[in-house]
Amino acid sequence: MTCQEVEARLLAWYAEELDPATIRAFVKHLRQCDCCTSLVGSYGGVVELGKLGKEELPVEVGEKLRDWLAAKTQRG
Amino acid sequence: MVAKAVMEDFAERILLYQNRLWSIAFAFCRNQEEAAEVVQEALLSAWKTRESLKESEKLEPWLCRIVTNQARMRLRSRKRKPTVALEEVGLQFDETGHMVGELPPWKKLPDSLLERKELVKMLLEAAEGLPEGYREVWVLVDQEELAMQEVGEILGLSVGNVKTRLHRARMMLREVLVEKLGGRR
């Protein structure tokens with residue numbers, strides 16, 4: 001596997017969509033290539049941080065939305 | 001009376017998804033008040049157009065699509081604060097497919113929650129500079145953790161197109177992260 005092929009498979013790697021043979025080739029390449037190890041690590045960093053960036057609905061906002069919807073329902 | 005009962009039933013069903021809808025709206029607007037307004041506008045729009053919801057269509061993706069559209073319209077009408085537009089990032093490869101140049105060693109993400117929060121904030125700010133079509137996909141897949149198939153249905157894109165946009169968005173954001181954590185690419 002080449003660096004270009006590693007880059008093309010990054011998304012599938014993190015989505016766990018690669019087949020076993022491709023995973024072996026992917027890992028083998030990483031063992032020999034510092035650039036791709038860095039690329040895979042930093043790409044994974046973006047994926048991980050993206051998940052941490054999700055905001056939950058604050059309770060008070062949820063209550064306001066419920067009240068608003070209830071008022072709309074009452075009016076019909 | 002019947003209309004009221006129908007609306008109450010509809011409202012009850014919608015409330016099941018209010019967390020997700022708000023979260024999507026907030027991911028686009030980055031502002032609580034605006035996000036709440038977007039959800040309200042979306043719910044009104046959902047009520048008005050409820051008959052367009054096909055029998056076979058699931059309520060959640062349908063609502064997500066309406067919220068995404070509302071948020072998109074809101075962002076377009078908003079005077080956007082100047083953000084650094086991220087450029088399409090292309091790594092350089094030679095004719096044998098090997099990377100040209102060197103990437104600096106990747107420093108792993110810090111363990112400290114505070115430092116991570118700072119990085120998340122930086123990443124979210126950077127995401128505002130993504131092209132609209134990339135940002136939408138990134139928000140829905142990486143933040144909302146929706147399946148790519150669902151995102152395709154919400155945005156009217158093929159799964160292949162979702163993957164391409166997501167990969168490009170991540171590569172652009174990676175540049176920002178690397179700059180912060182490990183020097184230049």
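What share of the contacts in chain B with a separation of 6 or more comes from residues 24 or more positions apart? It's 67%, where contact means heavy atoms within 4.5 Å.

Okay, some housekeeping. This is a predicted model, so local features need pLDDT of at least 70 and side-chain atom pairs count only at pLDDT 80 or more, while totals for chains, interfaces and linings use all residues. Residues are numbered from 1 along each chain as its sequence is written, chains are lettered from A and ligands numbered from 1 in the order in which they are written, and side-chain values use heavy atoms, with hydrogens and water left out.

So, chain B. You've got 8 helices and 0 strands, and from the N terminus the elements go α-α-α-α-α-α-α-α. Those are DSSP runs numbered from the N terminus, with helices being H or I of at least four residues and strands E of at least two. Of its 185 residues, 49% count as buried; that's under 20% relative accessible area, with exposed being over 50% and partly exposed in between, using a 1.4 Å probe and protein chains only. Chain B exposes about 10,000 Å², and carbon and sulfur atoms supply 51% of that. Areas here are Shrake-Rupley with a 1.4 Å probe, and for residues only the protein chains shown count as cover.

Ala46(B) sits in helix α3, residues 32–48, and it's buried, at a relative accessible area of 0%. Skip the neighbours within four places in sequence, and Ala46(B) touches Phe10(B), Trp62(B), Leu63(B) and Ile66(B). Its C-alpha is 10.0 Å from that of Arg65(B), 19 residues apart along the chain. Now look from helix α4, residues 59–77, where you find Gln70(B). Gln70(B) is buried too, at 13%, and leaving out neighbours within four places, its contacts are Val38(B), Glu41(B), Ala42(B) and Ser45(B).

Most residues other than glycine have a negative phi. Arg30(B), though, has phi near 55°, a positive value. Arg30(B) is in the loop between α2 (18–29) and α3, and it's partly exposed, at 24% relative accessibility. Glu145(B) also has a positive phi, near 55°. That residue is in the loop between α6 (132–143) and α7 (148–155), and at a relative accessible area of 47% it counts as partly exposed.

On to the interface. Chain A puts in 41 residues and chain B 52. Together they bury about 4,200 Å², 69% of it on carbon and sulfur atoms; buried area is the accessible area (1.4 Å probe) that two parts lose on being put together, summed over both. In chain A, Leu11(A), Val46(A) and Leu49(A) lose the most area to chain B, together 15% of what that side buries.

What about salt bridges? The count between the chains is 3, meaning a side-chain nitrogen of Lys or Arg within 4 Å of a carboxyl oxygen of Asp or Glu. One of them pairs Glu48(A) with Arg116(B), at 2.8 Å, N to O.

And which elements of chain A do the touching? α4(A) gives the most, with 15 residues. Okay, that's my tour.
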